[in-house]
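Colleague: I would like a close look at the aromatic side chains of this model. Please take one part and stay with it.

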Amino acid sequence: MKLPKLVLIFFCILISSGVYAQHDTHVPISTIPIKLPKKKGKKNTTATKDTVKVKEEEADQKDITDVFAQVFKKKVTPTVDSVTSKPSFTIVPAIGYTLVTKLAIVVSGNVVFRTGPQSKISTIVASTSFTQNKQFTLPIQSSIWSKDNDYNFVGDFRYYKYPLSTFGLGSSSNINYEDPMDYNYLRIYETVLKHIGGNFYAGAGYIIDNHWNIADNGSYGYYAAYGGGSRSIASGITINGLLDSRDNTINPFKGSYATLQYRDNFAFLGSTSSWRSLTLDFRTYINFPAGTNNVLALWSFNWLTLGGKPGYLELPSTQWDAASATGRGYIQGRFSGTQMVYGEAEYRCRITRNGLLGGVFFLNAQSLSAEPGTRLQGIQPGWGPGLRIKLNKLSKTNISIDYGFGRQGSNGLFVDVGEIF
């Protein structure tokens, strides 16, 4: 299955230049001042009409629920067009396919709510899958804001039974030299962030990665050469900073997001070895062209080992960031190393006026080093088009369907709930 790489981006530009003149989907009806024309023989005056209602130029927004209701002639209960303290649930059973899982049966969902009238949107995202490659995954990620936005509680919990291949260290590794591995994995990350001022938060957390029943089933012996055993634990504390001015944490239209995480793993907390790392994540969202609903999203992600020797499975690696989002176009774990530098740009647009369908085009690049103390290797690009289907118009949650291409013949389908970043 190969899709033309430039079709969607061309279609997006065509639509944006001829259809949209609205800044936001949910602009309230308002009043505007109007300057009256000059009349001959009378004094020039400027007046304001009492009320002039400005109707939105866009059609009412639609999501999958609306489509099903229309097809099966079911009445949809009207909802307030905002997220409230009452949780809004979305659950989607699906059959998916990715490079690392092959065919997968997936149940995904999210919950969005506010803990107070002025609080930011809190989210809980969970999914479970059984795959053709005999993998089982159960990730649960949460971001809970206190009612006054003074605290943000961020959680990332995962259990994986996960056969996965490795290709050696560094971004110059060859896709033909593949070593299959197998292991069990438990992740427990919990961070508490305190409001410092403006959009800035700072805090600390506890973090543990536990890999066990590790088996290297390949003939190249990358894992053994690195010094790996049947179990690897990384347990430590983190110091965190967050700057978040996004208007929506699920599907931003404008604003920026930046996080810093310093991680220190200690033997007395159970770590197999002591090591330190720094993760820098910056994203910004630009309304482009101005006056449309289209967005240019930019992402910089840097995952750096500062000292010590992480376990092989704890090294920076493609699609092992918190959202498993880096490196569309490559299989998860395709590149690994002690340092990772990554960048991505994605252009997002609507295909239909009602927001049901959207399109994206993305371009990314990554560079990784190999063993500790070595330099970054070759830059590996990824690119491709994508389709967005509105799953929940209330939270602006989309089903993301992307087809990515990389070097050395790497390509594949990527399906997720929510935006990639």
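Is F153 buried, partly exposed or exposed, and what is its relative accessibility?

Modeller: This is a predicted model. F153 counts as partly exposed, because its relative accessibility is 36% and the class runs between 20% and 50%. Its partner is Y151, and the two rings form a stacked aromatic pair, with 6.3 Å centre to centre and 25° between the planes. Y151 is also partly exposed, at a relative accessible area of 35%. The count of aromatic pairs comes to 24.

A pair of aromatic rings is described by the distance of the centres and the angle of the planes. On that description Y162 and W320 make an edge-to-face pair: their ring centres are 6.0 Å apart and their planes stand at 75°, and an angle over 60 degrees counts as edge-to-face. This pair links distant parts of the chain, 158 residues apart. Y162 is in the loop between β5 (151-161) and β6 (164-166), while W320 is in the loop between β12 (295-308) and β13 (339-350). Y162 counts as buried because its relative accessibility is 4%, under the 20% limit. W320 counts as buried too, at 11%.

Y162 and W320 belong to one aromatic cluster that also holds Y160, Y183 and Y185.

In soluble globular proteins, nonpolar side chains tend to be buried together.

Two rings also have a charge over the face. K309 lies over Y226, at 4.4 Å from the ring centre. The charged end of R348 sits over the ring of F421, 5.1 Å from its centre.

For the setting, the protein chain has three helices and 17 strands. Of its 421 residues, 48% are buried. Among contacts with a separation of 6 or more, 58% are between residues 24 or more positions apart.

How values were computed. Residues are numbered from 1 along each chain as its sequence is written. This is a predicted model: local features need pLDDT of at least 70, side-chain atom pairs count only at pLDDT 80 or more; totals for chains, interfaces and linings use all residues. Side-chain values use heavy atoms; hydrogens and water are left out. Helices (H or I, at least four residues) and strands (E, at least two) are DSSP runs, numbered from the N terminus. Buried means under 20% relative accessible area, exposed over 50%, partly exposed in between (1.4 Å probe, protein chains only). Contact means heavy atoms within 4.5 Å. Rings of Phe, Tyr and Trp (its six-membered ring) pair if their centres lie within 6.5 Å; planes under 30 degrees apart count as stacked, over 60 as edge-to-face and the rest as tilted. A charge sits over a ring if NZ of Lys or CZ of Arg is within 6 Å of the ring centre and within 35 degrees of the ring normal.
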